[in-house]
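Dear colleague,

Please find the structure below, handed over for your records. My findings follow it.

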Amino acid sequence: MGDPINTAWWSLRIAFFLGPFLAGLYKFFYRLTNWDQYLSPMAQRALGSHSHQFMMAVGAVEIIVGLMIITSWTKLGAYLASVWLLLIAINLVACGHYFDIALRDVGLCLSAFGLARLTAAIETQAIHVVPIEEMPRAA
């Protein structure tokens, strides 16, 4: 499989591109769920009749973060994803349910933070990362 650092970096990078990007797209098409149900009552009160528009903005941010992670903005995108996921987890706990999803988002938050730190280490240590198109293929 090649260099373990390269493999870990690319697998995290692809995961944190696909997750936010697809979740963001789904906010516009409502194929998975009614995303508005995941807003805490406090957030719903603050947003009033604009909660749906807020969730659309959330989708746009998620798409942008996903694109940042898969392009040359990996470190910044991963830090943003980490903070974003922590805020989502806090919102879910404030709902009074969805604790399982909140726990998952805390784990994802820590994984995104790990991607950001791994990217920082690669940048500062001048570790060579092979572009995905140059990675050896399994026979």
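At roughly what angle do the axes of H3 and H4 cross? They cross at roughly 145 degrees and come within 7 Å; axes here are lines fitted to C-alpha atoms, for helices over the stretch in contact, with angles running from 0 to 180 degrees between N-to-C directions. The crossing of H3 past H4 is left-handed, a term used if the near helix is turned anticlockwise from the far one by less than a right angle. On the H3 side the residues that meet H4 are Val58, Val61, Glu62, Val65, Met68 and Ile69. Their partners in H4 include Leu76, Leu80, Trp84 and Ile88, where contact means heavy atoms within 4.5 Å.

Please note that this is a predicted model, in which local features need pLDDT of at least 70 and side-chain atom pairs count only at pLDDT 80 or more, while totals for chains, interfaces and linings use all residues. Residues are numbered from 1 along each chain as its sequence is written, and side-chain values use heavy atoms, with hydrogens and water left out.

Overall fold

The protein chain has 5 helices and 0 strands, and its pattern along the sequence is α-α-α-α-α. Helices (H or I, at least four residues) and strands (E, at least two) are DSSP runs, numbered from the N terminus. Of the 139 residues in the protein chain, 35% are buried; buried means under 20% relative accessible area, exposed over 50%, and partly exposed in between (1.4 Å probe, protein chains only). Among contacts between residues at least 6 apart in sequence, 69% join residues at least 24 apart.

Salt bridges

The structure holds 3 salt bridges, each defined as a side-chain nitrogen of Lys or Arg within 4 Å of a carboxyl oxygen of Asp or Glu.

In one of them, Glu62 pairs with Lys27, with the closest N and O atoms 2.9 Å apart. This pair links distant parts of the chain, as Glu62 is in helix H3 (residues 51–70) and Lys27 in helix H1, 35 residues apart. Glu62 is buried because its relative accessible area is 8%, and Lys27 is likewise buried at 3%.

Glu123 and Lys75 form another, the closest N and O atoms being 3.1 Å apart. Here helix H5 (residues 99–125), which holds Glu123, is linked to helix H4 (residues 74–95), which holds Lys75, across 48 residues. Glu123 is partly exposed, at 48% relative accessible area, and Lys75 is partly exposed at 29%.

A salt bridge also joins the side chains of Arg104 and Asp105 (2.9 Å, N to O). Arg104 counts as partly exposed at 47% relative accessibility, whereas Asp105 is buried at 4%.

Surface and loop

A nonpolar patch on the surface is formed by Leu18, Leu22, Leu25, Tyr26, Phe28 and Phe29, with about 510 Å² of accessible area together. Patches are made of residues with over 30% relative accessible area and no salt bridge, like charges being joined within 9 Å and nonpolar side chains (Val, Leu, Ile, Met, Phe, Trp, Tyr) within 5 Å. Accessible areas come from the Shrake-Rupley method with a 1.4 Å probe, and for residues only the protein chains shown count as cover. Phe28, in helix H1 (residues 4–29), counts as partly exposed because its relative accessibility is 37%.

Lastly, Tyr98 lies in the loop between H4 and H5. Its phi is near 65 degrees, a positive value in a residue other than glycine, and Tyr98 is buried at 19% relative accessible area.

Yours sincerely
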